[in-house]
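Q: I would like to go through how the chains of this model touch one another. Could you start with the terms?

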Amino acid sequence: MSHTVLVCDDAIFMRTMISDILTQAGFEVVGEAETGVQAVEKFRQLKPDLVTMDIVMPDMGGIDAVREICRESPDAKILMCSAMGQQALVVEAIQAGAKDFVVKPFQPSRVLEAVQRVLG
Amino acid sequence: MDLNKYAALFLAESREHLTTCNRLLLDWEREPGSTEAVAGLFRAIHSLKGMAATMGYGRLADLAHRTEHLLDAVRAGRAPAGAGVVDLLLKAIDALERGVDEAAAGADGGFDPGDLPAALEAAAAAAAPTPAKGAVRKGKKAAEPPAPVSAAAPLPMPDFGEEAGRVVRVEIRPDAPLLGARAHLALRRAEQLGKVTGVMPPAANFDVQGFDGRFTFRLDAPVGESQIIAAIEAAGEIASVAVDADTVQTAEWRIPSAAVPAAAAPSARSGQIRVDRRRLDALMSQVGELVVARNRLLELAQLDPGGELEALGARISRLVSDLQAEIIEARMTPVWQVFDRFPRAVRDLARHLGKQIRFEMEGEGIELDRAILDELGDPLLHLLRNAVDHGLEPPDERQRHGKPPEGRLVLSAAREHSSVAIRIQDDGRGIDRRAILAKAKREGVVGPEVEILTDDLLLKVLGRPGFSTAERVSSVSGRGVGIDVVLTKVRAHGGAVEIASTPGQGTTFTLRLPLTLAILRVLTARVGTERYLLPLSYVAETVEFDVQPRTDVKGREAIVLRERVIPIVHLRALLGVDGGEVPPRRPGLVLEVGDRRSAVVVDSLMGQQEVVVEPFDAPKGTAPLFSGATILADGTPALILDAAALV
Amino acid sequence: MADSQAVRVVVFQVGNLACGMLASRAREILAPLPTTRIPGAPDTVIGLVNVRGTLLTVVDAHRLLDRAPLPEHEGALLVVDVGTRRLGLAVGRVDDLFEIPAGQLEAREALPGVDVRLVKAVGRRDGRHFVVLDTEALLAPLLSAAAGGDRFNSRTS
């Protein structure tokens, strides 16, 4: 059975691209969220195998969302999506419980490698 | 990966972000203390940068990066929103807009931001705080400031002797992005195996500039070497892992000059997905045909009252109505999507003309059919420009007339019955009717007997194509330019325009628009053997025409209804209908468009229905009385009368 | 070679006049449809018809060419492309649709009683002449200037 994924990013563009990359690799994107609050809600609701999480989002950023999700589900597998120059934030996200990260601009191969690592 | 299919999405979303930026910049300018505006700006530009980089639009991404950098610096430095910075950012937004368009058109390589990058850089440098000694980064423990180590000083060596466990040396692939973050991940993997101590360089300094991806630590875990290596390699991007390393490689690393992470702030406007308008249109037109088919079905069902067909017809009818309502709902778009670009335009023009203007928008959440809304941008912008240019006076002139120096311009949207009224209201000098009247007389637009230019007449005069372009009328120069275009656009969508202007107090334009284009509730009227449709939203009431008291106004027939004189329009005469018998008691439809009324006399009324408005090719000479046509349930075409043309 | 230069022509009757038009301009041929008059339009315009859910303005070929309709003609409607727009042309009867080598069409030529500006060429079929109408010249003058998005705004003052 394919793994289920929740894609969180405030840009439709990014959501579409990540979803496409993952779908083509056989994952099942079961939900999308465009704010941190939505990410937390949808995680509770969908219990996905994997979450991709943008850092900069309105209405609760990605890091707080990671913190919130990991507080409730310490085993949540969250992949951060970051831009160059966001190192400190990525570190913060890792400390909050994120399992790995990819850096924009995305290369499908790197995204999929990171996903494999996260899913272990 | 084929990026082309993302280009449209990139374009649409980038433009949206940039529009937001314009709005936020103006908010910020008004309220320099607002951190929310800056946070929103940062977020929008940050998103744009990510998208541009992903699309491979390097130049655009670079400009976005520099803009983001300036915003970051301003925010960190708590610098006030000086006019200089706002102007520079506005310029940057303009350039980004250009860049987005060019990139989407396949010409990112040709995008030339000029000296903007340098200007942004300089501004960022000026706005940034002086490099703070021991700058404390958010999320770090203040008690553990990064060690003040200079490149020259030797690194303190960890004292491995006092700790248990094996020494592990890790090297991250030097080309991996965000080396420090990757090192943190590797460390986390190690921590899952056992106790980690003596991390060198300290993990708190992994993310400083100059970290080269090499670090060591001591791991006390009940596992073998291969397990340690496998666990750490699972962190990804690992060049090498050595266990029981005897030497500790340290890198030269420096304290960062200034790097403050971005924090996210709340913002509105989410929860929507974008649907290609063509898809909605296609859906709408299919539902339109479904409505026609349903109407036909209902007619057939009437042949068999009480039968199964009637019950089925009623059920299908309900379903179609629900579906239709849903799709219309999906087409409804809040007006802010068009209004959003106006504050910037008004501000720029006001600045250019040396006017002080407080521009306000109301009812931005009011929704309209997207097909209508998309057509409204230019007419509205035109009216706003006119107000700024000609309606509102310069500060000194206003003061001479006892007005506050700052002029007020309000753009509002409001639901009124089944239509939406969009108003543009200024408190400027008003339209000089005498000058307009004189000019209209000279041009023969009105007869020499006209003494007063009423609001209605004023609109008719201003709305004549080309009126006042021939020469400038002192204080109202250009007032009429393009008003005809506004009228045409609005009326083409079944709407109406009104004008009200008071000397010294200002001018208000009202654009009245139907909520949706596609479906219209109409009253079917019989005239002779023909049928015509009237939009129900403009029918104020129906009266028994032949028993109403008559009068005449300046030779025009009128009825008197509740002490109000209402001019009569005989559709028979107007439309040149001659067949059929004229019944002795005819209904009159009182149409109301704004504050204008007329009583339209028809032979009989045949009930109400919903129709799908269809375009038709009006041949030359067609009476300018129709806003569209439709296909009735029996399959025959019928013309829809334009209420605004009848009053 | 001749094949590549063949022209498809629709031949029809307008009163006693045998006419033709390029088939590439004719979308379809329909039986007459109920028509709704358009007030104010010139008398060459019959009105609007409903062609499977789309409204079409129909023009009377008899009036355009000044021919009296013949009672034995049952009537037909040609759907004609005029530039980017589409009109209906009401004719007396459609006779034939055939290919004719381009060489057999004589360049426009005066025929008694037909405005030479409306004639593209003259052809011959079964020993009878027919005029190939220039549908653009015939119909375009009837269309208002407004096009495309302004189609249902009939104000063109």
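A: A polar contact is a pair of N or O atoms within 3.5 Å; within protein, one must be able to donate a hydrogen and the other to accept it, and residues adjacent in sequence count only if both atoms are side-chain atoms. This is a predicted model, where local features need pLDDT of at least 70 and side-chain atom pairs count only at pLDDT 80 or more, while totals for chains, interfaces and linings use all residues. Residues are numbered from 1 along each chain as its sequence is written, and side-chain values use heavy atoms, with hydrogens and water left out.

Q: How many residue pairs are in polar contact across the interface of chain A and chain B?

A: Eight, with both residues at pLDDT 80 or more.

Q: And how many salt bridges between chain A and chain B?

A: Two, a salt bridge being a side-chain nitrogen of Lys or Arg within 4 Å of a carboxyl oxygen of Asp or Glu. A:Arg110 and B:Glu237 form a salt bridge through their side chains, at 3.0 Å from N to O.

Q: What area is buried between chain A and chain B?

A: About 3700 Å², and carbon and sulfur atoms give 61% of that. Buried area is the accessible area (1.4 Å probe) that two parts lose on being put together, summed over both.

Q: Turning to chain C, what does its interface with chain B bury?

A: Chain C and chain B bury about 2900 Å², with 56% on carbon and sulfur atoms.

Q: Which side chains meet in a salt bridge there?

A: Those of B:Glu530 and C:Arg37, at 2.6 Å from N to O.

Terms used. Chains lettered and ligands numbered in written order.
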